[in-house]
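Hi,

Here is the structure I promised to send over.

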Amino acid sequence: MRRGVCSGSFDPVTCGHVDIFERAARLFDELTVCVFHNRQKEGFFSVEERVRLLREATRHIDGLKVTAFSGLLADFLRQEDIHFIVRGLRSVADLEYETPAERLNHQLGNQVETVFLLTNPRYGHISSSAIRELVAFGADASGLVPPCVAEALAGKTR
Ligand code: COA
C-alpha cells in the first residue's frame, strides 16, 4: 500500500494546504496529515486545536487521516510505515528551505522520498503567519482559510 504524509505546523491550516491535501490524496492509497511542533515557531493555536480544525477542513477528502506527533518526522514515518512525505512549494525560496530537510529525512528514514507539489498560484502568497498577522489587525481572512479556521481566528481576537 502506498502511504503518504503531509507534514507541517498548520498553525493554522490555510486554503493552500487544503488544495495540496486534495491533490495528494489522489496520489496515495492512504494519506495522513500530521501536525508537528516546529521548535522555531511559537504556537498560536494549540496542537489539539490545529488537529480539530484540520479534521473539519478536510472532512470532504475521503480516507484522509489527521493526527499529531511530537518528535522527529523520520520516527513518525517509521512508526506508521510511511515512505512518502508531501510538501507544497510556493516559490524557489520554499525549495531552498525544503532542500536540507529533504536530504535529512532521506538519510534518517529508510527509503523515504519527499514529493513536492507546486502550490496553486491562487494561494502562492498565503502563509499561516500572514493569516495570523492579517487577523490580528482586524482584516477578514475568508477565502484564504477554510470557514472553520476563519471562525476560530475571529474567536481568538474577539
Ligand atoms: N499554501 C499555503 N501556505 C503554505 C503552503 C501552501 N501550499 N505550503 C507551505 N505553506 C506555508 C505554511 O503556512 C508555513 O507558513 P508560516 O511559516 O507562516 O507558518 C510555511 O509555509 C511552512 O511551514 P510548514 O509547512 O508548517 O512547515 P514548517 O517549516 O513550519 O515545519 C515540519 C515543517 C513541522 C514538518 C518540520 O519542522 C518537522 O518535520 N518537524 C519535526 C521535527 C523534525 O523531524 N525535524 C527535522 C526535519 S528535517
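A quick word on naming before the notes: helices are DSSP runs of H or I with at least four residues, strands are runs of E with at least two, and both are numbered from the N terminus. Bear in mind that this is a predicted model, where local features need pLDDT of at least 70, side-chain atom pairs count only at pLDDT 80 or more, and totals for chains, interfaces and linings use all residues. Residues are numbered from 1 along each chain as its sequence is written, and side-chain values use heavy atoms, with hydrogens and water left out.

Let's start with the ligand. It is surrounded by 26 residues, and Ser9, Lys41, Leu73, Tyr97 and Ser129 are the closest (a residue is near a molecule if one of its heavy atoms lies within 4 Å of it). Which helix gives the most to that shell? That would be α4, with four residues. At least two residues each come from β1 (3-8), α1 (15-25), β4 (84-89), α4 (92-108) and α5 (128-136).

There are some polar contacts too (pairs of N or O atoms within 3.5 Å). A ligand oxygen is 2.4 Å from a side-chain N or O atom of Ser129. For the side chain of Arg87, the distance from a ligand oxygen to an N or O atom is 3.1 Å, and for Ser127 it is 3.5 Å. On its own the ligand exposes 940 Å², and the protein buries 85% of that (accessible areas by Shrake-Rupley with a 1.4 Å probe).

Asp11 is in the loop between β1 and α1 while Arg50 is in helix α2 (residues 47-57), so the pair ties together parts 39 residues apart in sequence. The count of salt bridges comes to 12, taking a side-chain nitrogen of Lys or Arg within 4 Å of a carboxyl oxygen of Asp or Glu.

Cheers

Terms used: Polar contact = N/O pair within 3.5 Å; in protein donor to acceptor, adjacent residues only side chain to side chain.
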